[in-house]
Amino acid sequence: MSLDFGPATALSCRECGARYPLGPNFACVECFGPLEAAYDFGDVKRSDIESGPASIWRYRSLLPVPADVASKPNMNPGWTPLVKAGNLGRALGLKSLYVKDDSGNPTHSFKDRVVAIAVEAARNFGFHTLSCSSTGNLAGAVTAAAARAGLDACVFIPAGLEQAKIAMARVFGGRLIGIEGTYDEVNRFCSELIGDPMGDKWGFVNVNLRPYYAEGSKTLAYEIAEQLGWRLPEQIVIPIASGSQLTKIDKGFKELIRLGLVDDAPYKVFGAQALGCSPVSAAYKAGHDVVQPVKPDTIAKSLAIGNPADGPYVLDIARRTGGAVEDVTDAEIVAAIKLLASTEGIFAETAGGVTVGVLKKLVETGQLDPEAETVVLNTGDGLKTLDAVAADAQPTAVIRPSLDAFRATV
Amino acid sequence: MSVSVRIPTILRTYTGGNAEVSGEGATLRDVLAKLDSDYPGIGARILDESGKIRRFVNVYVGEEDVRFAQGLDTPAPEGTQISIIPAVAGG
């Protein structure tokens, strides 16, 4: 089998540095550490990127994908708006604020970015079925991408997810299996399925394809920098589920610096969790460098990972860059969803309520500099978590179709 | 106590390719010690130099992640299944 992963040359262990050939492997044989893609980038120019497609494929020379990736059937995610959020900034007392709004991706969450990379890996390895364990958004991104790519899909979710996420995962075809348990139990199930003959020739995007899949989150870093005019933001607020996205955004910023695509300026990374699933925030506040798992209980179901595999790296990055990890209550999440919607016209899912709520809290507690340029991520669409706001988001009034009746409502 | 131990793919080189082996011990610590004497070297893959479970390994006794229970001192009742799984996530 001849593999084409573009600039990626090997897998390397993030813990001990052991190197392996590119393959469908995710854990280091020596120490169980997570494997990630290692590259030989060569010379990458801003102009080459700027002349590329309006999708993540403009960064193909920085990703583990073949050079002709854009010509293959895939979802072409990314290049989502970086919204100058003057109204929200004023409401929170921030001088310069942007919202990176990833709700505009093809299946309405950032997951399309990571899945698109995983699809290329699945093609490379000759897999026939695309699979995942999912808190909801990923399941829909996988089944959609599989349909586009002509692959079979079989995805696994906790049975108690929001109806919109279930429908979104099922409508594209393929099999959707609800597991009676939490995401962490679904994840464990998939890890066992992968070693079983039933999972043969299956690409589990976030298990055996994870070293490729996870690289897709780097494109958030690339886009933010390019959209700021090839500059890094001084502060960024990122949601934490497994911690993979935050870890890869940091990796993306570091690559841009190393390649000379941006100036080497300091940036602070802040992580955001819901209080009902805040193992990383708790470890940060306690000064620990390992994460004690928890049993999640929050409306932010897309972030409800109680045993976050990249938690230790999130702690390292927050501390290294001078950022922090903070958490907010479910009530604060709902209030933040409404604040973002009413100030900027962006309807975020609960994960976006977590980041905006944490942003507010970081300003109020003096952990974040209100004078420094700040980017906050919204990673999903509010239409998928309508229940969070539905109780209050009702008509202001219901009236007969008469001017007098309307006048009476004013 | 006799238990069954599920072996992840990356450790099956130690068990002759077997996905499940039998083990013995009153606690998880004892089971892992016996496992290492049956399959020399496997213990050091699961435990670090100071004898703690490596941070990217999840071990389950029955349905319970042992980090929620008593870690290596978690009891291993007769007939229970122990699973050793690399930590991965990304929902």
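This is a predicted model: local features need pLDDT of at least 70, side-chain atom pairs count only at pLDDT 80 or more; totals for chains, interfaces and linings use all residues.
Local features need pLDDT of at least 70, side-chain atom pairs count only at pLDDT 80 or more, and totals for chains, interfaces and linings use all residues. Residues are numbered from 1 along each chain as its sequence is written, while chains are lettered from A and ligands numbered from 1 in the order in which they are written.

Start with the record. An unreviewed UniProt entry lists residues 77-380 of chain A as "domain: Tryptophan synthase beta chain-like PALP". Such annotations may be inferred rather than shown by experiment. Over residues 77-380, chain A is 43% helix and 16% strand. The end C-alpha atoms of this stretch are 13 Å apart. Helices (H or I, at least four residues) and strands (E, at least two) are DSSP runs, numbered from the N terminus.

Now find the sheet. Four strands of chain A form an open sheet in the order S8-S7-S6-S9, with parallel pairing. Two strands pair if DSSP finds at least two bridges between them. S8 (175-179) and S9 (202-204) of chain A stand at the edges with a single partner strand each, so one side of each has no neighbour in the sheet. The twist averages 20 degrees from one strand to the next. Three bridges join S6(A), residues 129-133, to S9(A). Thr129(A) stands opposite Trp202(A) in S9(A). Helix H6(A), residues 183-193, lies across S6, S7, S8 and S9 of chain A, at about 140 degrees to S7(A).

Next come two helix pairs. H3(A), residues 111-125, packs against H4(A), residues 137-149, at about 45 degrees, with their axes 9 Å apart. Axes are lines fitted to C-alpha atoms, for helices over the stretch in contact, and angles run from 0 to 180 degrees between N-to-C directions. H3(A) is therefore oblique to H4(A). Angles under 35 degrees count as roughly parallel, over 145 as roughly antiparallel, 65 to 115 as roughly perpendicular and the rest as oblique.

The axes of H10(A), residues 279-286, and H11(A), residues 311-321, come within 10 Å and cross at roughly 45 degrees. The contact involves Pro279(A), Val280(A), Ala283(A) and Tyr284(A) of H10(A) with Gly311(A), Val314(A), Leu315(A) and Ala318(A) of H11(A). Contact means C-beta atoms, placed from the backbone, within 7 Å.

Finally, look between the chains. Their contact takes 22 residues from chain B and 34 from chain A. On the side of chain B, strands S3 (57-61) and S5 (81-86) each give two or more residues.

Key: Two residues are in contact if their C-beta atoms, placed from the backbone, lie within 7 Å.
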